[in-house]
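Trainee: I am new to this structure. Please pick one part and take me through it closely, then show me what surrounds it.

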Amino acid sequence: MTEWLQSELLGISLNRYAAALGIILTAYLAKKIFALLFVKVVLPLAAKTDKELDDRFLVCLQKPAELLVFLLGLFAACTFLQLPSEPFDVDHLATSILKALVIFDIAWFCFNLVDLIDHYLGQWAAKTESTLDDHLAPLLRKSLRLFVIIMACLMAVQTFGYPITGILASLGIGGLAFALAAKDSVSNIFGSLMIIFDRPFQVGDWIKAGDMEGTVEEVGFRSTKIRTFAKTLICVPNNIIANMPLDNFSRMPKRRVKLTVGVTYATTPELMRQAVRDIRAMLKEHPAVDQDFFLVNFTDFGASSLDIMVYCFTTTTVWGDYLDAREDLCLKIMEILETLGLEIAFPSRTVYLHQDSQETVTQPN
């Protein structure tokens, strides 16, 4: 049995393979024990403090720390194996792979920390009156995550013997082609910055741009997501929507009501004057009508009616409340006209027939 363990495979004795396997299994067991202690001891101790920061920090650290314990075991196993360097440097390759895994493990922890930073940035943004920081917080979160991923990839590549300066120089050679390919993406990023700083709208606003109308759900790096009233989702590139004329209905301080009330041509001038006065008095007393400005005037001799223009604003901009107020105004106008004995005209046409009389001349025989 001893002689069999002394036999070699790829230049390494079987007892070293067995010992390395034992180290890996021990590392895996240590990882499980560490995870159990973390959950049963460390997290409960942090929960006893008044601060929320340590709890969230430990949650970010937990999984990367467990992986790091296992990676240390893999390092020990590779060191004990004494992997050959001839004819191919297996030891250097294995060490480089393990270093790259450690780099990605640390990047995993940093990636989790971005969520922690985003949480407190969100709390700070919620306390301020400006909406600019509410848009910048998710933009900063995405930027930090992208930065962590790029740096981890560059450092991992460097562990395999490729210098970062050479990688950056090679990127410069293809920079022109990359810039042309990424032209739209860059313009979308600048479009998102224009939206954030100019603030033509924000998340939750009801807007209309061209044929698109709905509520803004998200302003991202590349596109703005609009939820239509048919519950479909429109994704508009930021460089397009930033250059489109748009209506922001959520920014209205009050909402307009414009009506044309047509009464029949049988209406006398005195009744018309009385109808205008009564409608003005009704608007002046109506609680849903803004009293700063309203108009009621007899304006036109229509094709089939005498037209009264009613122009005012409601104090509410909420769509449902506005419709209730508009409905009440229409009903009250109908009641006023009914009280005065006036009829609301409808499209009609009167045809007058004219027949020429013709004399009959009788010729004598």
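Mentor: Start with one term: a residue is buried under 20% relative accessible area, exposed over 50% and partly exposed in between, with a 1.4 Å probe and protein chains only. Buried residues make up 30% of the 365 residues in the protein chain. This is a predicted model, where local features need pLDDT of at least 70 and side-chain atom pairs pLDDT 80 or more, while totals for chains, interfaces and linings use all residues. Residues are numbered from 1 along each chain as its sequence is written, and side-chain values use heavy atoms, leaving out hydrogens and water.

The protein chain has 11 helices and 10 strands. These are DSSP runs numbered from the N terminus: helices (H or I) of at least four residues, strands (E) of at least two.

Let us look at helix H11, residues 319–340. H11 has 22 residues, so at 1.5 Å a residue it should span 32 Å. That expected span is 1.5 Å times one less than the number of residues. The end C-alpha atoms of H11 are 32 Å apart, which agrees.

Now its sides. Tyr322, Ala325, Leu329, Ile333, Ile336, Leu337 and Leu340 are the buried residues of H11. Down the axis they fall within an arc of 110°, so they line one face of the helix. The arc is taken from the directions from the helix axis to the C-beta atoms. Glu327, Glu338 and Thr339 are exposed, on the face turned away from the buried side. After H11 comes Gly341, with a positive phi near 80°.

What does the buried side meet? The buried residues of H11 pack against strand E8 (255–263), helix H10 (269–285) and strand E10 (306–314). Contact here means heavy atoms within 4.5 Å.

A salt bridge is a side-chain nitrogen of Lys or Arg within 4 Å of a carboxyl oxygen of Asp or Glu. Arg273 forms one with Glu270, the closest N and O atoms being 3.9 Å apart. The two are three residues apart in H10, so about one helical turn separates them. Arg273 is partly exposed at 49%, and Glu270 is partly exposed at 46%. Glu270, Arg273 and Arg277 are linked in a network of salt bridges.

Another salt bridge joins Asp290 and Lys254, at 3.1 Å from N to O. Asp290 lies in the loop between H10 and strand E9 (295–301), and Lys254 in the loop between strand E7 (246–248) and E8, so the pair ties together parts 36 residues apart in sequence. Asp290 is buried at 13%; Lys254 is partly exposed at 25%.
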